[in-house]
Each structure stands twice: as structure tokens, then as C-alpha cells.
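Open the model in a viewer and keep the selection panel at hand. The stops below go from one chain to its interfaces and then to single residue pairs.

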Amino acid sequence: MTKPLENLKTIRLKAIQDLIDQGLLSSTRIYVGMSTCEIAAGSREIWDVFQKEIAENKIEDVQMKQKGCAGRCNLEPTVEVLQANKVPFKYTNVDRLKAHEIIRKHLIENDVDTSPRIKEMEIDPFKLADRSKFVFGDLDFFKKQLRITLRNCGIIDPESMDDYLSVRGYEALAKVLSDHSPKKVIDHVSKSGLRGRGGGGFPTGLKWQMMADQKSKEKYVICNADEGDPGAFMDRSALEGDPHIVIEGMAIAGYAVGADKGFIYIRAEYPLAIKRLRKAIADAKKFGFLGKKILGTAFNFDIEIILGAGAFVCGEETALIHSIEGARGMPRIKPPYPSTEGLWGKPTLINNVETLANIPVIMLDGYQSFASVGTKKSKGTKVFALAGKVNNTGLIEVPMGISLREIIYDIGGGIKDGKKFKAILTGGPSGGCLPEKFLDEMVDYDSLKSAGSIMGSGGMIVLDEDDCMIDVARYFLDFTQEESCGKCTPCREGTKRMLEILNKITSGKGDDVDIENLERLAITIKKTALCGLGQSAPNPVLTTLRYFKEEYTEHVKYKRCPAVVCKDIISSPCQHACPLGGSGAPAYIALLSQERIEEAIKLVRKENPLPLICGRVCHHPCEVKCRRTAIDKPIAIRSLKRFIADYEMSNKIEIPYFPQNDKKEKVAVIGSGPAGLTCAYYLALKGYKVTIFEKLPVAGGMLYVGIPEYRLPKDILNHEINNILSMGVELKLNTEIGKDTTISDLGKEFDAIFIAVGAHQGLKLGIPGEDCDQVIDAVDLLRKINLDQKVELGQEVAVIGGGNAAIDAVRTIHRMGKNVKLLYRRTRNEMPAEKEEIEEAIKEGIEIQYLTAPVKIGTKDGCLEQLECVKMELGDMDKSGRRRPVPLKGSEFTIKLDTLVAAISQQPKIEDMKDKELKFSKWNTIEIDPETLYTGKEGVFAGGDAVHGPWTVTGAMSHGKIAANMIDKYVSGQKLEREYGVTRPAMDVCVVELSEEEIDNLKRSELPKIAVSKRASNFNEVELGFNESQAISEAKHCLRCDKEE
Amino acid sequence: MSKKIKITVNNQEYQVLADQTILQALDNIGFRLPRLCYHPKLSNDGACRICIVEVEGFPNYVTSCTTKVSEGMEIKTNTSELRRARRDILELILDSHPTDCHTCENDGNCELQRISHGIGVKTRHFEGERKKFDLDLSSPSIVRDPNKCILCGRCVRACREIQGVNAIDFVGRGFGATVSTAYNSPINESVCANCGQCIAVCPTAALSEKYHTAELFRELSNEKKLKIVQIAPAVRAAIGESFGLKAGSAMEKQTAAALRKLGFDRVFDTQFSADLTIMEEGSEFLERVTSNGVLPMITSCSPGWIKYCEQFFPELLPNLSTCKSPMSMMSSLIKTYYAKKVGKDPKDILSVAVMPCTAKKYEAEREELKIDGHKLTDIVITTRELGWMIRSAGIDLLTIKEEEFDNFFGSSSGAATIFGVTGGVMEAALRTAYEQYLGETLINIEFEEIRGFKGIKEATVKMGDIDLRVAVAHGLANAKALLEIAKNDPQRYQFIEIMTCPGGCVGGGGQPYAEPGYLSLDEELLKKRASVLYNLDRAKTIRRSHENPEIQRIYKEFLGTPLSQKSHEILHTKYKKKLPQGIYRK
Amino acid sequence: MIKPTTETKQMEEFIDYLNNRYDAGYHNAALMAILHKAQEIFGYITREAIGETSKHLGIPTAHIWGVVTFYHYFTLTPRGKYVISVCLGTACYVKGGKRILSKLMEELKIGLNETTDDKLFTLEAKYCLGCCGLAPVMMINDEVYEKLTTKKVSEIISEIRRSQKAVQTAT
């Protein structure tokens, strides 16, 4: 054994002896997570509880230790209890109570279960080297991770030299000093394939070689710990969890390149990391790993800490050097590179924290082992701060070459709340947003770059459908603009202009030219800025322009923010999310909260001709986007609307409407569903004479025949329809187009026609045997029941599907006293039906079999006997962003059945109209110009299910509203075009501050419903609606985002 | 001779010198790329990005001012993408720049304007928020208009690298970055020496001199007043440049004629008082040498240097010659001796000085120089301002009939002429001191060792029994270096000349903007201006100050002898330490 | 003997630091550390501190000014030990954010963006701190105080004052 290694051995032995001498080797050790994130989660309080209770109970032989962050942010604070000869325990999300319990269990009553699982692992967590298996072994989160640089984080006490020594700390340095020439060190680093982890990915070995080649007496090593990307905290966690490894890496680097002085440039915003680094440097000096004659050799190396002061650009190496030199952190032109002219003009090696933390491992385990991990050109692992809309956020370390999908779904646990993935952003403000098609890309320097993003230092933010890509780009531009040093023109002036354009677009004031200018500016800045910060600043814009151009168009042309984010366009999210484009929700809710109910009624009526209906059966996208969801639950907007409409009805309040002057033109509306009724209402308001033609003997279309009575009572529906008829609209029932009359005939009598028929035709399952009489269709079934026609159902019924029709069918059948179950091929999360409906169905006792798909229908004598099914599992994502169900081989099973109801989808029956001039899609819908709803046949417009396929009530109503406008323009000879504007509050309602007393008394209102026990065998309305005080109280919960500036 | 290498520019091959930047190489082979932050006498920042070119093998455009040429380099200067990028960058500058060209002081002299025209921003694509700063009008010499600043940083570098004053630096960052003083103080409360070199290097009118032309025009129509003007030596060496003449054209008599046409009653020559300065300063020096006075003695005629000394080297104030500057000596005589002579109340005399210098405006305000509480020099205008006034008054300087200066204070020796160039004061002083000390005629009166543009010049002059050790510095950064040497080795020099501006007064901060193609601080330009003065000196029969008959007369009629009580009252002064104290990098 | 004012005491501490920690003319790497120290001692970067630093390191004041204004971490206005940011986003407003602010102004006897004479508190208002669910909220330094009432505010302020007094008497 050579001298430095012997010296290290002596140091180790002495350290252990010291511990024994001081009585510090206790048989019980309690590790408490004490990183910045753990402390924020409350671990300092836990630490105090332990200290206090240990002292109060006079428990001896216990040692309290801190540990760094293991990366699993949402399980913090974490505590581990290690006792000699006992199974180790770890606890997550520890609070005061839990801490107390831990002490009682482990230290006072000794009442510890032996967990067999950990026994199986056959490890000794007392040995620090084994601890990682114990800490990480059982969580999915860690399964695809590979921890090299973070291998000690969350394992050792970062403030303890003994802990670091026991995980072979400073052994790499000793090994290098004993028999490696500097040349050999560099050679090994080169062969390991390590590339700079700061983002650029320059080969580390090459950088070191360039430094070593410099014939200067003075050289410096700088550790770049100026991490500043929003959302990135890799360096902070690493330095807080394992500071010595960076010091060791720096010392080895110093030895290899011939430097005897090192600097760590770290953000002042990281006080804990700074504190730990200071202690680690002092300890390293004390133990002889830094300073003069290290480990008995001639090698000298010292480290000084320099604090940054809040300038992102100082992450750029020349700016960083200027900052250390006491100057403004402005980058300069390269070359000369720092390796030839760096700090004070001397050759300087700058490596980032993660790069340096890799060095001891490479030296210890050999470059071969390091190079065996990763892809061809990117070796080893990469640390990422995984944030955004994934279930498991935290710090992860993964082998290069892992796919983005694995990171998001296997490590991150998928997208939060079952939402749809939209983009992943790597490289922070210098990176780019990659869409779904890149999810299977390998994570390495080159493939990310070719996709338009960068590896970056390791920020990784997952975005979902609720994130607006323009807003994201704007956020990052805002950041880079704020952080631009101001030296070169393109970055200083250009990022400001880009931000201005983005602000214009996100406030709905942009036009096509703005998009062009934005792109042009982005390219100019990228090609001409002085430093990396400026050159990469346009990346978020360029990638969003490349992959999410349609979102720009939405903002610019249609003044819509599809993710309902951009404040100036959407005003309030609920209102913008409404397909009707101006529900007025925040305003009428505010009026209601101020008990101005009559004003609220007027407002509701102004924006919506069918509030009694929408208040009951709307799929309420408004509530989905309600800001209050982030806090607890969304405001019950639909129910508030219902309360207002019911109030109007029951109090017989007459809201006068003022139709415009009578016009002589006549308009025919085909179909009396929500689209037809809405169109008729708005046309009547404009003074047109409208006649509605309805094939059925009743009015209301799908509202009547598609929705069960228990959701939408018929008298309510009729009340609303009568409201519209009372405006002079004529209704002709039992009139079928194609049979009783034709479109062309109508064309002779009417000046314009609006086709708004529903989707009454159920789709076939497409499996063998479905042609027997006992296989029926959900729309058919519901129609018959709603029309009081006879239906024949067996006792054992199954419904197939996951949409609203399926739920409606299953709940209806259940009410008829049949045994009914629902079969769905995915899981509850993917069900397209409304969440409350599913919930109510389950409450009512309906069995839902998820991950079940029908395969074949078994018949006997032409009658249904059984259904053969197969179990499914969820595979990759499909185009809708949901995971694709895949049959599980060999999982087939059968269900005995009397009746099978298919509820998979519907179509309109347009062909019955027998009109050759209309064009149809392959889904049997009418083709129209989506802007104007014009069919191409003179005077004929179409909307609702007829053009969209099965749709929502408000969706259909939105078409009715547009059609009324377009028909008006058509008839009066104006150009058919729509005007798009940003969403604005329907009315300015002041904000009333709540008194403290009111706030105290404010309770969330639960929507009253009839008891489940009272629902059987009747079709009474389930939801009862709020009473007045409940409604007002609920309205007071509104956050008034419409007034947010 | 440096090695030659081959480069390709726009597909044509050229042989260029190795070890130069692309910009320099292109300049030498007939290309002239637009540039803003680049200045050949200052360090390179590569900040404005206007001089970008495309170089094969580089993913992004490179700035030609910071990139060295290399063998086989393939450069493109004019592709449409490049032109567009350059245009966009220029527009970005213009989007933050006022559009008031026609009312701007720098209209016609503005580099940004010239470059804009060349690059051609015809429509604005990115216009947005503009910056809004207050003007700094605190200084009698310099006006700062940060709204016009394009952050090229030339002024910061000139102030730091040429002058070592460091009065200004970049402040703030990003879009809000600006060039300002410490604590954003008014510049008059800073360590600024008022030299105006920042103005000379500024490509726009972000920095300009405080204009006194309006005031002067007003006063010139005041019938009651006797209007007297004096002009400094360096003015005649450069004023022609304001009228499109090549640098190096002497315009002495034309200027005198133009001044009369402007309405001045008397046109005097500061060179007269320069001769007077030599008489006083030479005598002071001999007295210090012979009676163990404070040495080395340092010249005191450059007002920027005086302020610099007060703030940066207060410990050297006793070393300063007590002589007022030639301008102030002249004005003192005008308001005392001459007033009496013509029977005028000094209040009814307008004393105007035309100077190559912005700091002279500050000097004119100094309390120390006042006599009986009255300002001596009422108005100081720079060469640039005079050029404008002549044009504005519709006078054609180029075809004007030459006229002489007025009597009394109009004649001067060749020694006084060379005051306008670095080393000139020293040379003039030596010519007189030598003869006065030894009483014999100096044969070779041209002191080559102290001529030329080396930053610090040293010489030893044998003067009978003593070896006179002298040194000359121009540019305050050089001055600082020289003074450090002198401080460390107090015996090394006996006499030091310091001029604030590079090249002396010919390179003054108030001289005409260099013609397109030249930049201020350019040695060729300075040499040409200096040659005017050296030629005028050589052309004169009287080349020694003490031989000037008017000088002899004023001593006889008014002052008595040099350093007499009278001359002390009128021609000498003392300076005091001034705050804020100047700090410089050690 | 006249008791030195806080300002002179702070200045003495700062000059002591300069003398002990860095020899005059020590390389400029000291500048960032000195500015951090100045901010620690004075609570912000004072003009006098810049002047002293300039003399000590031989760096022009304009240069130091340029550095100070470049880094956002350095502040040029006095700030209290406790910086209170009251959220005035709509959610907080509805829940009485303004009332909280008025209460704080009354308790601290300062206006918005001002610092108390004892340099203990600075009062600021923010648009939205992103804690609407906990409204009304304020932040004191890095800590969020949620669901505030005027009573709670008084308690929090007096608690800080109490602990501050305890520290002072202890030292």
C-alpha cells in the first residue's frame, strides 16, 4: 500500500477511535432529513421534538443525525431509525404526532414489528454503504433511477466527516495521489466519457487536458454552483446532502490540471448549502484533505467560497469569472476560453457541481464501469429536478438514454389528476418545450438538442393541458429578459421586444405579423447574441412556435387560450371555458353573493336561453377550470345557475326581453334540441319568424329523449321550451324531413334553414353475435323509456361503455329493478362520463368492471346467453393522451346475461333527409365551414350533433348561437364572418370585502340530493338544488378572478 | 513584418496580415463593415453586434471586431440572412433611441445616423417601450442624455483606459442598464475631469458639451458691451475639419476674420498669454530650482488635469505651478489692464474664449480664479461650437479674406503656438528658461525627445551646471502612471508637463468630430493637427516667449517683472483638495 | 462617554471587518464578499460602505456602484430584518387582505414600502403570493402566514418584537 492510502487509513481509524472516545458511537441512530426542502416541510420541528423528548425521557445511547434530501419531495419530512441488531425503520411525512409515536415505539416501549420485507433485503443499514438499498429499495420512484452523484445524498450526515469517510470518502483522492500521474487521471476522465453537466456537454477530459497543457504557474479550479434556473435545485440538494464529494472532486481536478487553488461560486440564496460547504471545507482542512501537503504528498490545494448575488447570467463561465474578480457579471467573448485565459488572466478550469461529483466515482470504480452506463455519446447518469404536473416530483438521477416517457410515467408516476400530458420542458429558460411525439426520445445531449431543446443543468418541468404554451414561453422570456446582463444589443433589447410581443399575444392583442416578428427576432437573437444565455433565450419561443403553433393561432386569431390561462384573454377561467363564450358566471355569482338575485337572473337570461336545463345537465367545463379547484373544490357554478333559474321559475319572475323590430324573413329550424332552441331564441330576439320542425311527438330533442327524467324532469324542460315558444316561435311536431317535407321544399318557403338534428343512432360494438334482439342500443333504450314506450329487459343486464350515455343507461336500468353492471375497458380515471355521474352510479350500488372489454356474444337459439370478455391493462398513450388499453392474454372470462346494452357512441341519421346537395363525413355528419356553419347549400346552415357527432348541451347551444348570427348576416346580405374578441366580464360587479365574522361563518355548501335509498324504482330528480342561504354562501366562496388584475 | 495568410471574403481570395481581427483585415482590403462599440484605441467588447460576419464552420455569426483571422478562413459579409440580422440588431438599437435627429446636437455627426442610413431600417418591426431618463445638466462642461445612449461602452472605456478617471461605468442591468456615475450622482458631483474625451468617442449625442452658443449670440448683439474673444492654439489647427477640410489645415487668419464677422470687437490670441505663462512659469521654476522649492514642478494649464489632481492627487497640489492657465491669464488682463486701457468698466466687457476643450468651461466657473468676485472669462465655447456658430451665421470660412489678430494681445512667439500639442509647454518653457538661466542663446530649440505621441516622454536637458530632468505625459491614465513614478522617486524629475487629453490640446474633447473614416484619438489625425502648430512655429521669426515684444511691453507697462506682486495678484492662484476623492485601481 | 449611534457602530464594525479580513489592495475577489458583509451589517448597501470599500480596495466608486446595481441580491434602500409582504390578490382582498395591511400599518406605524425606525420591519404589498386557498396571507421573510385575522397579525408582530427584545438583552 502506498503512502496516501495508508494515511487515509490512519485518519479513518483515528476518526472512529475519536468517536468511541467521545462516546458518540451509539447503538441507536435517528436520521432526520434536514435539507432545505425537508426543513420547509417541517423537519426542524421534528428534530426539536426528538431532542426534547429524548432529553425529557432521559433516553441514553441515542444519536441524532441529519441527512440530506433523497429526492422524494412529497414524502418529506422523513425519519429513519436504526438500532443495533434490529430491523431498520423509515418514516415518511412525519409530523409532531408521528414523531412522538416513533419515540414511544422505538425508544421507550421497544414495541417494534419486524418487517419481513426488509429482512429479505439482507442488508445492514448500519453500514452506510448498504443504506441506499434500504432507503430507496422499495419505492417505484427509485426503480429506474441510478444514483452515482447522489449516491450519498439522503444516506449520510452531510456535516459528518466520519459518515463521509465510511462511504469510502476521500479514497479516490488518496488513490489518485498514490499512484496516478496527472496524465493518468485525465486519461481516465477522458475515457469515462464524462461530459459537462452544466448544460453544454463539453467533454470533461478534453477540458482538463486543455488546462493541463497550459504552462502557467498559477491555475485555478472553479466549481460552478450558481444554479439559477427557475425550478432547478440539483446543485443545492447535492451540496446540502453530500458536500465532501464536490470538494474531493475539486481536489482531484486540481491535482490533474496543476492548480492549487479552487473557488466554489455559489448562490447566496442557498444558505444551508453554504453553511455545510464551509463546515466541510474546514473539516477537510482539519483532516488534511485540503491545505498543504495533502495526505503526505507534495500536492497542495485550497478552496475558497465566493457568494453570488442574484444574477442568473453568472452561470455563464466568463461572467462567473468576472463576478469572482469583483466586477459586473457580464460575459465576454470567447475565445480566449477560460482554460487559457480565465480568472485574473490565468488558466482556469470551470466545472459544475454535478460534473465534479462524478469524479471520485470514476476514480474509485474505474472509468470502464462509468462508461458502461448511458448512450454512445453521453455516458453516466444525469440528475434532474423533476417538477410540474407529475405525481412524484423531486430530485432524480437517471442513466443517460432513459426515455422521457420512463421519467414521466415510471419515475414521475404519470400526470397529476389524470390530466393530459402536453409538453416537457428541459433546460429551463434556455431549453425548449417538447411535445408528446418526443416522449420516446432518449435523454442525452444530442437527441435533446436535435429536438430543439437542451439537456441543460437539469430542470425538467412537465406541463399538462392546463398549461398555456405561450404563457410558458412568456414566463421564461420574462425571466431571461430580467436576467439579461445588458451588454449585447440582441439580448438586452431583443428579449425585451420578444417579451412585449408575447405579452401582446397573451393579452389577445396580437396578430399574424406579431408571430412572424417573434420568430424573426428569435432567430436573430439566437444567431447573434454574445453569450450562451442570449443565444438560448429564444429557445422556449422557438420550440413552442415549432410544436404548438396552433396555440399561437388560437390566441391571435380566435382570441382563445385553449388552456384557459392567459388572464387578459380569458378574464375569468369559468367564463372563458364555457362554449357559449360569455356565460357571465363570475358576474352572476357575485350578484348572487351580494343577494342581488333579480339582477343575477337578468344576467343569466341574457347569456343563456336554457338556464333551467344547463343548471342541471351541463357538463360544466367552467367548474373544471375554476381557480378555486387549486384550493379545495370548484365553485358549484352549475348549481348556482340552477338556483337562479329555479328562483325565477318558482317566484314567477318575468324577465322582459326586448326583441328587435319584426322582420319579415322566415327561418326554419330542423330539430328542437339545444342547438335548435338556442338558434330559434336568438333569431326570435332579432325579430325573425322562426318555425321549428321536430320529427318526434315531443319537443326538446336529445334533451327529452336522451337524458333520464331523474336528471332533467320533463316539466322543467317544457317550462323552458314554452318560454321560447312564447316569443312567437312556431313548433311543428311529428314532421320528418325527407318524409313529410324536404329541405328544398322548405327552402322555397323560408329564407334560411338551420339543420340541428341530434345523434340518435347508436353505434355497433363490432363483435361477433351482436345482431341478436337482446343486444340493444343505449340511445334507443333511453328514447323509448323517455317516450313512455315499452321496453323489454331481462333481469341480468350489462352496459358497455364509459360515457354519459352508458351511465345514464345503467342508472336508468337500475331504477327499473334489474341487476345491471357496467363494463369499461379502461379505468375510472379515463372514463369520459362526468365524475359526479360515475360517483352517483357507484353510490346507487351499480357495479362497474373496469379494464374489461367484450370479445364475443354467446347466443343460444338466437338469444343472448353470455358475453365473453377479456381483461385489459393500460399500455402506451394513444393520441388522446390517455393510456391505451391492451388485452391481457389468457384473461378471458364470460358473464351470463339476459340483455346487453351498447353505449359506445352515437351518430346523427342525416341520410334520411335525402338531400343530395349536402356533403357528409364518414361519421355521417354534415360537412360545414366551421367558421360560419354554412353547408354550401344556398341558405342552409347546420350545427350541433348534426355536424359534430354526439356532443354536449352547451356545445350544441354554442352552434345555435353562432347559427343565429350567421343566418342574420346571410339574410341581411352581410359577409359571413365571425368576429373574435377576448372574453370580458358580462357585467362589472364590485368586489365586496367579507367581514371577519362572515369568513368565520362561511361554510362550503354541499349540494343537497335525495338519499340513495329513496332513488330506487322512481325517476325523481336526484339533485335538489341549493336553498337560498346555501346558494349565497357558496357564491361568497368565489375568488373573483374576473377582477384580478 | 507580420506573416501573411490567405482568407476568402465573399468567395474572393485575399492575402492579409495574420494576427489581426477580421474587422481590421477587412478594413485593409477595402471593406468597411458598420461598427459601433468598436474603437481602435480602446479594448474590444463585442457588445453592439453590428459588425457581425458569417464565418464558415461557426454556427452563429461572429463579431468581426473580436475574431482573429486564420489561414483559409471563409468569410461572408453580405448574405441576405446576415444583412437581415444586422438590420434587426440595428432596429433594436433604434427602437430604444429617440427619433429626434433633426433637433439633435449631433445631427450630421452621428455615427448611429450614418450607420443606420447604410444598413437601412425602412420599417419598424419590433417597436415597443422606450427608455426614459432625465438629462444630467449639472456640469458646465458635459451634458448626459442617457436616452440617446446605445450602451456601446466607448465612453466607459475611454474614461477608464485613456483617462484612468473612472467617473462613469455601466449601472443596472438588462433593458434598464445605463451608463452613469457612482450613486447616479449628477456628473458635476463625480470625479469627472470634464475632459470631454467621452464626448469625443460617443457615437451619438448621449454625451455632448454644454452648449453656450445661444448665450453668446445673445451677448454679441449687446451694443453696450465691448466684445473680446481669444482663441487657443489648437483651435486653428482643427476648425477647418468642421468645414470639410482635411485634417492638418491651418486656419489661423480665417478664424480671426470669421470671429470679427460674428461681431467681436477685438480678436485676441491666447498664444499671447501662453508666452506670458512661459515667462511666469519659467521664472517660477527657476526660483524653485534655485531656492529649494517644491519639485518636481508640474504644469497647471490643462484644466482637466487640475481637477484630476485636486481629486486624485491632492498631495501633489504644492507641486503644481501657481500660474493660471493662458486662457485665464488673458481674461485676467482683459478685465484689469485692458479694461483700464480702453476706459471700460470690466462689467461692460464680454470676455469670450474659444477652446479645444470642454474642461475650460468648468475652469471659467472656478472661484479661485475670480478677481474681486467677478468671472474673468464670461463664456467659453469649443472649437465645435465655433464651427457651428460660423455656419449658423452664414459665414464661409473657406473663402473668407484672411485677417490678423488685434494689437496688444494678438502677437505671439512660436513657443506659444506649440502649447497646443503634448510636450509643447515644456519645450516653450525650456527655450526661455535655458536662456534666462544661462543668459546665452539656445541654438537647437526643437526638443525632439519630448515631441511625439508616446504616453510618457522623458528627457534630460543640460543647462550649464545642472542636468534638467523633465517628463511629459498626455492622457490622464499616462499622467497617473508618470505621477506614480515621480512619487516613488521624488528626485527623478524636476519639471513635469501634463496634458489631460491624448496628444495635448489638439486632441481636446471640444475639437471637431473626426471626419468619417477617422475616429477621435486616432494618432494620424492628432499628428496632422500637431503638424499645423509645428509648422506655424517654424514659420515664425520669434520663437521664444521672452522675445515677444508685446510681452516685453506688458511687463514694462503693467506687471513689472515676472513673479512680481502684481503678477501674483492677477496671474497666479492656488488649488485645494476636492471631494469626492478619486480612487483608481492600484 | 457618548454612546455611539447605531450607524457609527455599524460603520465601526464594517471598517473592522475590512481591516481584519482584507488588507488594502487585496485582490478584487474580496469585493463580492465585502458587499455581502456590508448588506449584512447595514441591512443594505450604504453609500458610505461603498466609499470605504473603494478606499480599501482601490476600486473606483463608479465601478462598485456598477457592481452593486448589477446584482439583484444587493439592495440600496434600508430594509428591515423582517420583510412583510401582504398579499393583495383578489382572493386575499375578498378575505380582507386590505384590512390586514391597514392593521400592519397601524401596528408598525409605517406606510407601504417603508421600514420602521428600528430597522426591524419593512412593509410591502404583493399581487399574489400563490396561496389563495389560505387567504388572506402574508409572508414574513420566507415564511407564509395563512388565514390571517387582525388579531392574529397583532400577535405575530408582538411575538417578533418580544423575541427581538430577548435577543438584545441576551447580547
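Of the contacts in chain A with a separation of 6 or more, what percentage is accounted for by residues 24 or more positions apart? The share is 70%, where contact means heavy atoms within 4.5 Å.

This is a predicted model, in which local features need pLDDT of at least 70 and side-chain atom pairs count only at pLDDT 80 or more, while totals for chains, interfaces and linings use all residues. Residues are numbered from 1 along each chain as its sequence is written, chains are lettered from A and ligands numbered from 1 in the order in which they are written, and side-chain values use heavy atoms, with hydrogens and water left out.

**Chain A as a whole**

Select chain A. Its C-alpha atoms fill a box of roughly 105 × 70 × 65 Å along the principal axes. Colouring by secondary structure gives 43 helices and 29 strands; these are DSSP runs numbered from the N terminus, helices being H or I with at least four residues and strands E with at least two. Chain A has 1045 residues, and 62% of them count as buried (buried is under 20% relative accessible area, exposed over 50%, partly exposed in between, with a 1.4 Å probe and protein chains only).

**A surface patch**

Next, select Ile16(A), Ile20(A) and Leu25(A), which form a nonpolar patch on the surface with about 260 Å² of accessible area together. Patches are made of residues with over 30% relative accessible area and no salt bridge, joining like charges within 9 Å and nonpolar side chains (Val, Leu, Ile, Met, Phe, Trp, Tyr) within 5 Å. Ile20(A) sits in helix α1 (residues 3–21) of chain A and is partly exposed at a relative accessible area of 45%.

**Chain B against chain A**

Show chain B with chain A. The contact takes 35 residues from chain B and 31 residues from chain A. About 2800 Å² is buried between these chains, 51% of it on carbon and sulfur atoms; buried area is the accessible area (1.4 Å probe) that two parts lose on being put together, summed over both. On the chain B side, pick Leu92(B), Phe126(B) and Arg173(B): these supply 23% of the area that chain B buries against chain A, more than any other three residues. There are 5 salt bridges between chain B and chain A, a salt bridge being a side-chain nitrogen of Lys or Arg within 4 Å of a carboxyl oxygen of Asp or Glu. Lys487(A) and Asp45(B) meet in a salt bridge at 3.7 Å, N to O.

**Chain C against chain A**

The interface has 2 salt bridges. Glu996(A) pairs with Arg99(C) in a salt bridge, with the closest N and O atoms 3.8 Å apart.

**Salt bridges inside the chains**

The structure holds 131 salt bridges over all chains. Select Lys207(A) and Glu317(A), whose side chains meet at 3.8 Å, N to O. Lys207(A) lies in helix α11 (residues 204–212) and Glu317(A) in helix α15 (residues 317–324) of chain A, so the pair ties together parts that are 110 residues apart in sequence. Both residues are buried.

In chain B, the closest N and O atoms of the salt bridge between Arg124(B) and Asp95(B) are 3.3 Å apart. Arg124(B) is partly exposed at 30% relative accessibility, whereas Asp95(B) is buried at 0%.

**Cysteines**

How many disulfides does the structure hold over all chains? The count is 0, a disulfide being a pair of cysteine sulfur atoms within 2.5 Å. Select Cys468(A): the closest cysteine sulfur, in Cys566(A), is 3.6 Å away, too far for a bond. Finally, go to Cys505(B), which is in no disulfide, the nearest cysteine sulfur being that of Cys357(B) at 6.8 Å.

Notes. Accessible areas come from the Shrake-Rupley method with a 1.4 Å probe; for residues, only the protein chains shown count as cover.
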